[in-house]
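Trainee: I would like to check how the labels on this model follow from the numbers. Can we go through them one at a time?

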Amino acid sequence: MAFIQMSILSQKLMRTVPVNVVLPVDKMVFPGLPARKERPYKTLYLLHGVLGSHIDWGTGSRIQRYAEENDLAVVMPAGENAFYVDHPKSNNFYGEFIGEELVELTRKMFPLSHRREDTFIGGLSMGGYGALRNGLKYSDTFGYIVSLSGAFVLEGIEERTNDTPFFIESRDYAEACFGDLATIHESDKDPKFLIRSLKQQGKEIPGIYMACGQDDSLLGANQDMAEYLKAHGAQVSFVVGPGAHEWDFWDTYIKKGIEWLPTEENGLGVNSGNVGI
């Protein structure tokens with residue numbers, strides 16, 4: 001299992017962006033078992049949360065093992081604290097970077113499938129929002145979405161003030177991320193607007209898997225989003241499980257999310273933990 005640490009020069013962000021990639025191209029199989037046929041890899045673009053970075057999934061979860069089990073390539077970019085949406089005033093087009101540029105560049109670099117049905121996007125918290133927003137906005141690219149503990153914070157966001165000790169809850173931060181808060185609900189930053197637009201256009205909606213912990217403060221927002229998506233024609237698998245807003249939950253449910261995806265499910269390869277020496 002190859003674990004690749006790299007940097008790419010992004011024209012959408014006008015800077016170098018660190019990206020980690022898990023690629024099972026060097027997977028060893030046990031003697032006597034058939035080798036995988038040569039074909040492009042199905043791919044999951046996996047996004048981190050606020051305060052995180054491109055290393056989060058590799059250190060907080062067993063994503064490398066899950067990728068190997070399913071012959072799945074996983075691409076994990078740095079997203080800073082920007083909610084994976086476009087910020088034109090600062091020339092930070094995070095949405096275009098995730099939905100267009102990153103996919104194009106990684107497909108040039110690695111043997112990844114170009115098919116929509118083989119291309120997935122997922123994430124946790126801020127990344128759970130980013131996965132749903134960009135999965136819907138770039139529905140021609142992504143066939144499936146996995147959103148864990150999504151930070152769906154747009155309801156009532158226009159009423160925020162700066163009277164808070166935590167930056168992520170402040171009005172200034174919300175305006176820096178989303179722009180004019182008075183118009184946000186009729187923009188492509190709101191997944192509810194995007195699902196309505198897809199339905200009106202008669203476009204195919206990606207399959208959606210959502211999960212949230214029963215003790216997570218974002219549970220209500222996730223339940224509301226799942227019901228809204230279902231009411232507007234999306235096929236949504238929504239799961240509430242034990243846990244809160246923490247890595248034990250995300251590690252458990254990214255595994256379940258990958259099992260929900262149409263992956264190859266070929267099992268683990270030979271590695272230092274199971275060669276019997």
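This is a predicted model: local features need pLDDT of at least 70, side-chain atom pairs count only at pLDDT 80 or more; totals for chains, interfaces and linings use all residues.

Trainee: Why is Tyr129 called buried?

Mentor: The relative accessible area of Tyr129 is 1%. Buried means under 20%, so Tyr129 qualifies. Phe178, at 5%, is buried by the same cut-off.

Trainee: What makes Tyr129 and Phe178 an aromatic pair, and of which kind?

Mentor: Their centres are 6.0 Å apart, and the limit is 6.5 Å. The planes make 85°, and over 60 degrees counts as edge-to-face, so the pair is edge-to-face. The pair links helix α4 to helix α5, 49 residues apart.

Trainee: Why are Tyr144 and Trp260 described as edge-to-face?

Mentor: Their planes stand at 85° with the centres 5.7 Å apart, so that pair is edge-to-face. Tyr144 lies in strand β8 and Trp260 in helix α8, so the pair ties together parts 116 residues apart in sequence.

Trainee: Are Tyr144 and Trp260 buried or partly exposed?

Mentor: Tyr144 has 25% and Trp260 has 27%.

Trainee: How do you know that the charge of Arg36 sits over the ring of Tyr41?

Mentor: The charged end of Arg36 is 3.9 Å from the ring centre, and the distance limit is 6 Å. An angle within 35 degrees of the ring normal is also required.

Methods. Residues are numbered from 1 along each chain as its sequence is written. Side-chain values use heavy atoms; hydrogens and water are left out. Rings of Phe, Tyr and Trp (its six-membered ring) pair if their centres lie within 6.5 Å; planes under 30 degrees apart count as stacked, over 60 as edge-to-face and the rest as tilted. Helices (H or I, at least four residues) and strands (E, at least two) are DSSP runs, numbered from the N terminus. Buried means under 20% relative accessible area, exposed over 50%, partly exposed in between (1.4 Å probe, protein chains only).
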